[in-house]
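Open the model in your viewer and keep the selection tool ready.

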Amino acid sequence: MQHFPIYVNLAGRRVVLSGGGDAALAKLRLLLKTEARLTVFATDPAPEIRAWAAAKRLTLIDRAMAPGDAVCATLFYAADEDAAEDARTAAIARADGALVNIVDNLTDSAFITPAIVDRDPVTVAIGTEGAAPVLARAIKRDMEERLPSSLGSLAEAGKRFRDRAAALPHGRARRDFWAEWYDRAGPAAIAAAADLDKALSRLLDRHIARRGATGHVHFVGAGPGDPDLLTMKARHALDWADVVVHDRLVPAAILELARREARIVDVGKEGFGPATPQSAIDAMIVDFAAKGLQVVRLKSGDPTVFGRLDEEIEAVVAAGIDYTIVPGITAASAAVAAIGQSLTRRGRNGSVRLMTGHDTRGFADHDWAALARKDEVAAIYMGKRAARYIQGRLLMHGADPATPVTAIENASRPDARIIATTLAQMEPVLRDAALDGPALVLLGLAPRTSHETAAIPALEAAI
Ligand code: SAH
């Protein structure tokens, strides 16, 4: 992050701009939304600038800038659209102590102006460090559509009501109140053309009456790793969380989506290495929720697939705490997508097994005879260390040694790897591949030969 985004209070402060053409107009239109004292130096100002000066919205000085003209200025804009003149005025302003921006010159500017979505007092600033203005515009368009034009009025009313909202204790109770205002009660009041201050009062009364709410545990699927594969519900839950208790496989990019104030607890284990004992995890989530907190128990993939979910649910239920399950995309779905195949297929396999290579007691036992049959498809989780064992069992039960076996490591992540082999070669091929990320083994499926893996950039559709 080369540029640090901040909001500067310009009320009553001096802002100086040199230039009178299109670039100057574009900047002035933005600056006129602030309460800054604006001074413009221009030898040939556009008629709009003259009109603004006549209306006393800015001070116009009909000459080129000279040393001392930017004294006491907080910001200075060089907008003459002439490299030599911009360099000259910028040098004056720098010497006068102003922070300088030269229009369309990132390198010589001390600050840059972001793309702005304006729902005053709510503003969204979008910056790409000059790298991708097209992307910034696409995000701006997206935000413009997403943020209702009434947001400004809601926020204004909210600002007036801030002191009264302090009747609710700081933290969850107050956050819930504001969230309901911005999500539902506020928009509804605007739609009904109701008095916003009265609507806020009514909402506050309701929230005061509702106090003493208990905590809740959300068992949330984080998906296979790509943050774009999170569900909207998972994102909402992360947005709401007071505490996020997560496994090792949940990547940092997903944890970053948690509310900034949320406490993040890693209870992951490394391979067969030390782990937080299950009973300690159970006790921890119960303790947090008993304190009235919103707990997100974030598990990789889908929480209901090899996630020891029942043990945690039982602990939560025994403590009389409410819970919700938010499904996620399981590793098998991401893995099969990576090889361009389908988990089931008419006429081939009408069922698919999600199986584990090992369980708490060691290598897991399965109905090997059934699995060894032609056209069976199975997704083997935690199968890396059990590869030789699984291979031996299947061959012993008569499986065809030519049965395709594909391991997908880090499915859905940028470092995904696909290792295609056969049951006969499963060991040593998987061992030699030295898989060190999470890997899913698909039995009975080979990558589709015509399959090309083309990434879909998350924002491409918006540009
Ligand atoms: N609840 C998870 C599975 C947890 S068990 C789910 O639904 O996906 C952990 C195993 O999941 C790993 O050993 C690996 O076999 C598999 N796994 C998880 N994420 C994966 C990924 N991105 N790519 C491949 N396999 C993955």
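**Stop 1: the surface patch**

Select Met-1, Phe-4, Ile-6 and Val-8: together they make a nonpolar surface patch of about 530 Å². Patch residues have over 30% relative accessible area and no salt bridge; nonpolar side chains (Val, Leu, Ile, Met, Phe, Trp, Tyr) are joined within 5 Å, like charges within 9 Å. Met-1 sits in the segment before strand E1 (14–18). Met-1 is exposed at 81% relative accessible area (exposed is over 50%, buried under 20%, partly exposed in between; 1.4 Å probe, protein chains only).

This is a predicted model: local features need pLDDT of at least 70, side-chain atom pairs count only at pLDDT 80 or more, and totals for chains, interfaces and linings use all residues. Residues are numbered from 1 along each chain as its sequence is written, and side-chain values use heavy atoms, without hydrogens and water.

**Stop 2: two helices**

Now show H10 (residues 278–290) and H11 (residues 309–318), which pack at about 40° with axes 9 Å apart.

**Stop 3: salt bridges**

The whole structure holds 18 salt bridges (a Lys or Arg side-chain nitrogen within 4 Å of an Asp or Glu carboxyl oxygen).

- Pick Arg-50 and Asp-62: their closest N and O atoms are 3.2 Å apart. Arg-50 lies in helix H2 and Asp-62 in the loop between strands E3 and E4, so the pair ties together parts 12 residues apart in sequence.
- Pick Glu-409 and Arg-417, bridged at 2.8 Å, N to O. Glu-409 is buried at 2%; Arg-417 is partly exposed at 33%.

Notes:
Areas by Shrake-Rupley, 256 points an atom, 1.4 Å probe, with all protein chains shown as cover. Helix = DSSP H or I, 4+ residues; strand = E, 2+ residues; numbered from the N terminus. Axes fitted to C-alpha atoms, helices over the stretch in contact; angles between N-to-C directions.
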